[in-house]
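Here is a report on side-chain packing: aromatic pairs, charges over rings, disulfides and nonpolar cores. Please look through the sequence and the structure first.

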Amino acid sequence: MAALRIVLGVLTLGARVFTADLSLRADDVEITLEPQITGGFLVVLTQDEERVVYGHIGRTLYSAFTTENVEGGVLVQMGNVELTIHTVADERAKARGIKIRWNTEDTLRFEDCFDFGSKHWYGGKMQINQIYPLEAGQQNYSAYISQEYDNGAIVERYWLNSAGEYIYVHPQVPLFVDYHQIYPNHICFGAQIADPYSTKRNHTELTYDIWFLPNVKEAHKHAVANYLGKPSGVPDFRMVEHPIWSTWAQYSQDITQEKVMDFAQQILANGFNNSQMEIDDLWETCYGSLEVDPVKFPNMTNLVKNLKDLGFRVTIWIHPFINSNCNPWYSEALDNGYLVLDEDGTAKANWWNTNGSEPGLVDFTNPAAAEWWYTRVRNLLDTYDIDSIKFDAGESSFSPQIPVQHGDINLHPHNIVDAYVRTCARFGDMIEVRSAFRTQDLPIFVRMVDRDSIWGMNNGLPTIVTATLQMNLNGYPFVLPDMIGGNGYNLNHAQADIPTKELFIRWVQANTFLPVMQYSYVPWNFDNETLDISRKYTELHAAHAHDVYEAMQAAVETGAPVNAPLWWIDPDNEQTYTIWDQYLLGENIIVAPIFSEGATSRDIYLPSGRWLEEGDPGKVFEGPIWIRNFPAPIDVLPYFVREAEESNDSSILLASVFLILAAIIANPILSF
């Protein structure tokens, strides 16, 4: 990174100019704020007389202003609005940054927009149409919260681009986000006190940091180190090695003790291993009772014991709701203040299993409520010797609106997401959750929101890869990609149905090098070919389980993704910036699944290095290279393993020789 001088100027008639030394990625760059008659300022970067409009900030503000120098930056006063801009540097990371903060006690809307330009952008929220890179996607101006709508369970406030720049919006901002609608080819950040943000906030702010680094990989590493964080440990290994078997898609809510036992016997009879059997919806007497339905499960203790005798661990599906027709538990929670209330004092939450009731949501931001719920769940597990839990929901949108929560009001409505997930994490390293906000430190699996059993980018098969990339780049590398073959029950979707044989097989293959394989629809629903292919790739996944776990341990140590985009291993290679249908496992395996119905070949890109087809030393490709029309009939998943460097092999061999010699010298009896 070359040193450069940046001038940060606020230009007005007769206004003074503030200057600060700053280093970016080229010499002689000038950053200028240019006032606009239409409101706000253009942020302009000038280098070698080339002027680039980087963004337009304060677009909703029309006012005269004054400026003054402050330490490390400039303060702009526009009536009751303050804008502070500071320049910062991280010499060790060769990083330069700009910190921007708008603040006012007035009720108004801030709006700052930045040009996508010709760069490629990553991160952002989880969506139904999980487009990668995201500059080709769509996000209409709306509250940027964890919500059920649009699959928005994960909405970290982080955006990264191929030029090595990233933007992080701080968690206290009442944030709204837009791609393209407000301003073509721009990402816009809004801040305003409007639903679902609490009207009891006493100020409005829009605070974010922009950082510039040498390349996209270094930028992401910097974001992990300074904002996103990394997991504090790894979750359960057996969940990586062998499949989870869920009752959901196979039986829906019509589960019984007999069906669960029959399911387990089918799994074993067809030659599959397991990490656990997951008893899904509906096993309760009513939603929220946490009491086993004695009609469906007359002897849950015996069922769990029999499953364990067959080699299964047992997990169960649990949610954070209590329906109002589920008493005495609903009344107990309501009377004790354990349910989230809205600002009018009512407890009417919402979720997909209301069953004609007015459900309540346990208020995990209330420590007493969280402990009450935790104790009841713990009692269920202990009573029946159940091993762990699949936790569902958790998005803040399920709360009654606008929710009243404990804790810092400026962190509403996401306080409850954090509190719920952290309560769930108390149950250990076998759990899975599906919502997240600033919980990257937890050593647990984060489950992808259900995919539909279709081929398209509209929540179909390809989005298990694009969503995995999105989750990894938001700091959640322990991805559980939900059910192979998709949900199958979203019949409101025009294309949705149960998976076809071809879709199911391609789904199995696409999951093979992701952290977890979860079956619910099963291979023997189809035919022997499906069964053989599924078994082959399930065994291949198990054979590489230690590679997955090694990548997970690297995530703990360095914050690296487990399944990264190709630019992670070749960050200056523009070819890698837009490839969405391939992924890495760690840094040495490239996977290229088939995502088109009827396809028996595909184009594959391999970055720099020597790559072995399926790890075969007799099939070597020298990258960077495009392989056109690589054959992939129905039983083939294309994947490539990086050839080990000879120097490393030689070093290992030499080290082994020295160890043997040292042992012989120390113990002459070992001499041959």
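## Phe321 and Phe398

Phe321 is buried, as is Phe398. Buried stands for under 20% relative accessible area, exposed for over 50%, and partly exposed for in between (1.4 Å probe, protein chains only). This is a predicted model: local features need pLDDT of at least 70, side-chain atom pairs count only at pLDDT 80 or more, and totals for chains, interfaces and linings use all residues. Residues are numbered from 1 along each chain as its sequence is written, and side-chain values use heavy atoms, with hydrogens and water left out.

The ring centres of Phe321 and Phe398 are 5.5 Å apart and the planes meet at 80°, so the pair is edge-to-face. Rings of Phe, Tyr and Trp (its six-membered ring) pair if their centres lie within 6.5 Å; planes under 30 degrees apart are stacked, over 60 edge-to-face, and the rest tilted. Phe321 lies in strand β20 (residues 321-322), and Phe398 in the loop between β23 (388-391) and β24 (403-404), so the pair ties together parts 77 residues apart in sequence. Helices (H or I, at least four residues) and strands (E, at least two) are DSSP runs, numbered from the N terminus.

## Other aromatic pairs

The whole structure holds 48 aromatic pairs. Trp245 and Tyr519 are stacked, because their ring centres lie 4.8 Å apart with planes at 15°. Trp245 is in strand β17 (residues 244-246) and Tyr519 in strand β28 (residues 518-519), so this pair ties together parts 274 residues apart in sequence. Both Trp245 and Tyr519 are buried.

## Charges over rings

The charged end of Arg109 sits over the ring of Tyr141, 4.1 Å from its centre. Arg426 lies over the face of Tyr374, 3.6 Å from the ring centre. The criterion: NZ of Lys or CZ of Arg within 6 Å of the ring centre and within 35 degrees of the ring normal.

## Disulfides

How many disulfides does a search of the whole structure find? There are two, each a pair of cysteine sulfur atoms within 2.5 Å. Cys113 bonds to Cys188, with sulfur atoms 2.0 Å apart. This link is right-handed, with 110° about the S-S bond. Cys113 sits in strand β9 (residues 110-115) and Cys188 in strand β15 (residues 186-191), 75 residues apart. Cys113 and Cys188 are buried.

Cys286 joins Cys326, S to S 2.0 Å. Its S-S torsion is about 70°, so this disulfide is right-handed. Cys286 is buried at a relative accessible area of 17%, and Cys326 is buried at 0%. Counting bonded cysteines along the chain, the pattern is 1-2, 3-4. Cys424 is buried, at 0% relative accessibility.

## Nonpolar cores

The largest nonpolar core has 162 residues. A core is a set of buried Ala, Val, Leu, Ile, Met, Phe, Trp, Tyr and Cys residues joined through side-chain atoms within 4.5 Å. Those with the most contacts inside this core are Tyr166, Ile279, Trp283, Ile318, Trp373 and Phe391. Helix α7 (residues 367-384) gives the most to the core, with nine residues.

Trp373 touches, among others, Ile318, Val362, Phe391, Tyr420 and Cys424, leaving aside residues up to four places away in sequence. Contact here is heavy atoms within 4.5 Å. Another core lies apart from the largest one, with 43 residues, including Leu61, Ile145, Val155 and Trp159.
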